[in-house]
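Student: Could you walk me through reading a few features of a model? I'd like the general idea and then the actual case.

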Amino acid sequence: MFHDNMTTHWPNSVRRSKAAPKILVLARFPTNPASSQPRNIVTPTPPPAHQRLLNKSPALRARRRPTTLAALPVAAAAAAAVMVSAEAGIERVLWTEAEVAARVGEVAAELAADLRALPEPAVVVGVATGALLFLADLVRRVDAPLAVDFVRVESYGGGTESSGKPRITADLKVDVAGKHVVVVEDIVDTGNTLSCLIAHLEKKGASSISVCTFLDKPARRKVDIQLVGDGKFYSGFECPDYFVVGYGLDYAELYRNLPYVGVLKPEKYKKDSSN
């Protein structure tokens with residue numbers, strides 16, 4: 001006897017005859033297929049593979065949490081609270097980054113034309129640390145054979161006024177004897193540092209000495225610049241009588257990284273000089 005929800009199927013191959021045995025094939029099919037499925041069950045969707053990986057790593061889970069000032073260590077939070085922009089002490093911009101780049105290209109073209117006419121490669125001597133950026137941009141635009149070296153001359157210390165007694169604290173490694181030397185400066189103002197360096201290079205046997213300065217401040221000149229041999233004087237900008245920083249020029253080793261040249265606010269260095 002069969003229940004109401006069961007259906008009986010007789011195969012077509014089964015015939016009622018004396019020769020064929022009587023075979024009964026029964027197949028059970030639910031009359032209501034939906035009723036066989038469990039109800040009110042939601043199959044959870046597995047998270048993406050990258051989320052499953054993060055969930056397995058405590059270190060990565062910690063990195064996913066948003067960082068707040070309260071979550072930082074006390075020292076780090078204090079440093080973040082007092083951090084100021086590198087431009088905070090700038091009163092105004094004298095030459096923008098674009099103007100600096102354009103003028104450096106012009107000076108480099110003039111210098112390159114002169115150096116290509118020399119019988120031997122010149123030696124370009126940068127005065128550290130102020131001339132670093134100017135020298136790097138300059139020599140990359142000079143299509144002529146040359147050597148590069150640095151010399152360190154101190155005259156300012158941490159103040160805004162030259163001591164008038166420059167001294168060489170790090171000398172050259174390249175031999176300049178019998179060669180044309182180009183001294184690359186960030187700024188020439190009183191002329192004391194440059195005159196000291198030219199005399200030093202002449203003693204080393206340089207055959208001729210040129211000067212290539214990013215800024216020239218003739219209003220503060222105290223010493224006449226005496227070039228050697230066929231040396232020339234190349235200048236980027238004539239600078240008014242302000243204390244300027246940026247593009248390698250500093251105050252107390254700060255502001256060198258600015259891409260432009262700006263006037264330093266007087267209260268910045270007057271405050272320091274009063275301490």
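Tutor: Let's take a helix, then some strands, then a loop residue. This is a predicted model, where local features need pLDDT of at least 70, side-chain atom pairs count only at pLDDT 80 or more, and totals for chains, interfaces and linings use all residues. Residues are numbered from 1 along each chain as its sequence is written, and side-chain values use heavy atoms, leaving out hydrogens and water.

Student: Which residues of H4 are buried?

Tutor: Buried means under 20% relative accessible area, exposed over 50%, partly exposed in between (1.4 Å probe, protein chains only). In H4 the buried ones are Val-100, Val-104, Val-107, Ala-108, Leu-111, Ala-112 and Leu-115. Down the axis of H4 they fall within an arc of 145 degrees (taken from the directions from the helix axis to the C-beta atoms), so they line one face.

Student: How many residues of strand S5 are buried?

Tutor: Nine of the nine, residues 180–188, so S5 is largely enclosed by the rest of the structure. Strands pair if DSSP finds at least two bridges between them. S5 runs parallel to S2 with four bridges, and parallel to S6 with eight. Val-123 has Val-181 as its bridge partner in S5, while Val-184 stands opposite Cys-212 in S6.

Student: Where is Gly-205?

Tutor: Gly-205 sits in the loop between H6 and S6, and counts as partly exposed at 30% relative accessibility. Its C-alpha atom is 4.1 Å from that of Ala-177, 28 residues apart along the chain.

Methods
Helices (H or I, at least four residues) and strands (E, at least two) are DSSP runs, numbered from the N terminus.
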